[in-house]
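Work through the following exercises with the coordinates open. Each task is followed by a solution in steps.

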Amino acid sequence: ISTATKLANRSFSNCMMNAAGVWCMDEAELTAIDDSAAGTFVTKSGTLVSRPGNPEPRYYETALGSINSMGLPNHGIDYYLDVVAAFQKKNPGKTYFLSCTGFSIEQDQTLLRKIKDSEFNGIVELNLSCPNVPGKPQIGYDFETVDQILAAVFAEYDGPLGVKLPPYFDLVHFDQMAVILNKYPLAYINSINSIGNGLYIDDEKEEVVIKPKNGFGGIGGEYVKPTALANVHAFYQRLKPEIQIIGTGGITSGRDVFEHILCGASMVQVGTELAKEGPQVFERLTKELQDIMAAKGYTTLADFRGKLRHQD
Ligand SMILES: C=Cc1c(C(=O)O)[nH]c(=O)[nH]c1=O
């Protein structure tokens, strides 16, 4: 029974990896994911210059998930390019993901020019949905801007590239986004990023639990699984087959991985559960998925990918 997969014509020994932002801030955290049962890793979204991020507390774990308003803390794209280049030398033939995000189309183009001119030979994940930078609009909900960014990006970059999208909640939005995404040679789309601007309250203190934005932050964990599965399946139904899907959101068990793949995902990313459990979570999730596959008589992910039955 194999949980291996392919994406952008690259092979991965396992379909699971971390979600950008979780356990991927520096070389030590990336080493832990690289040494785990995960098939690969993605870096924290790198910006042109390093950022300290928002004041703490900016991440809070709840029984059912998490809330965060990190504010894009990261060591800058040059740091991640150097670190990933070292991993590429250590494990030639392994494909890594590099996440990046700019605050303007010009910055996006500069980022991709830097990446193109570097030794990076993996897959780029352009984060179009950073919900927690106060004063900055959520790009993924500005469809015109998404179209302009993708046109600029693909004028600049010809390597494998995907986009990290926020969750959508309206079928017409899925239609409108799919029309835009289908215009471009995207390797994949990654759905979903956290559900933006949720609020979690400490009843004892009658107070919010994170400092930035009066306690408003991106929601992850069990809360978001139905929305994540819907976004994976909606885009699976609408995108041209050349654009694959990475499913992110609400994965705490092998069953959740199974469901994301049933909805059409080729890979899955784990965020909140990884933050809670650490990199050994990938061993547990892989075993649980293999047990489900065995019980159902599946030997590869292709046996059930995208085969969610609709009631006729
Ligand atoms: C890149 C910023 C993001 C952040 C953040 O750094 O605040 N948190 C998220 O849940 N998703 C993001 O995309």
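**Exercise 1. The ligand site**

Task: Find which side chain has an N or O atom 2.8 Å from an oxygen atom of the ligand.

Solution. 
- Step 1. The side chain is that of Asn68, whose N or O atom is 2.8 Å from a ligand oxygen; a polar contact is a pair of N or O atoms within 3.5 Å, where within protein one must be able to donate a hydrogen and the other to accept it, and residues adjacent in sequence count only if both atoms are side-chain atoms.
- Step 2. Ser129 contributes a backbone N or O atom, 3.1 Å from an oxygen atom of the ligand.
- Step 3. On a nitrogen atom of the ligand, a polar side-chain atom of Asn193 lies 2.8 Å away.
- Step 4. The protein buries 92% of the 330 Å² that the ligand exposes when taken alone (Shrake-Rupley method, 1.4 Å probe; for residues, only the protein chains shown count as cover).
- Step 5. The surroundings comprise 14 residues, with Asn68, Leu72, Cys130, Asn193 and Ser194 the closest (a residue is near a molecule or strand if one of its heavy atoms lies within 4 Å of it).

Before continuing, note that this is a predicted model, in which local features need pLDDT of at least 70 and side-chain atom pairs pLDDT 80 or more, while totals for chains, interfaces and linings use all residues. Residues are numbered from 1 along each chain as its sequence is written, and side-chain values use heavy atoms, with hydrogens and water left out.

**Exercise 2. Helix α7**

Task: Determine how many of the nine residues of α7 are buried.

Solution. 
- Step 1. α7 covers residues 254-262 (helices are DSSP runs of H or I, at least four residues, and strands runs of E, at least two, numbered from the N terminus).
- Step 2. The buried residues are Gly254, Asp256, Val257, Phe258, Glu259, His260, Ile261 and Leu262 (buried means under 20% relative accessible area, exposed over 50%, partly exposed in between, with a 1.4 Å probe and protein chains only).
- Step 3. The count is eight of nine, so α7 is largely enclosed by the rest of the structure.
- Step 4. Those buried residues pack against β3 (16-18), α6 (225-238), β14 (244-248), β15 (267-270) and α9 (281-296) (contact means heavy atoms within 4.5 Å).
- Step 5. After α7 comes Gly264, with a positive phi near 125°.

**Exercise 3. Salt bridges**

Task: Identify the residue with which Glu259 forms a salt bridge, and explain why the two are separated by about one helical turn.

Solution. 
- Step 1. The partner is Arg255, with the closest N and O atoms 2.8 Å apart (a salt bridge is a side-chain nitrogen of Lys or Arg within 4 Å of a carboxyl oxygen of Asp or Glu).
- Step 2. The separation is about one helical turn because Glu259 and Arg255 are four residues apart in α7.
- Step 3. Glu259 is buried at 14% relative accessibility, whereas Arg255 is exposed at 54%.
- Step 4. For another pair, take Arg284 and Glu277, whose closest N and O atoms are 2.7 Å apart. Arg284 is partly exposed at 26%, and Glu277 is partly exposed at 23%.
- Step 5. The structure holds 15 salt bridges.
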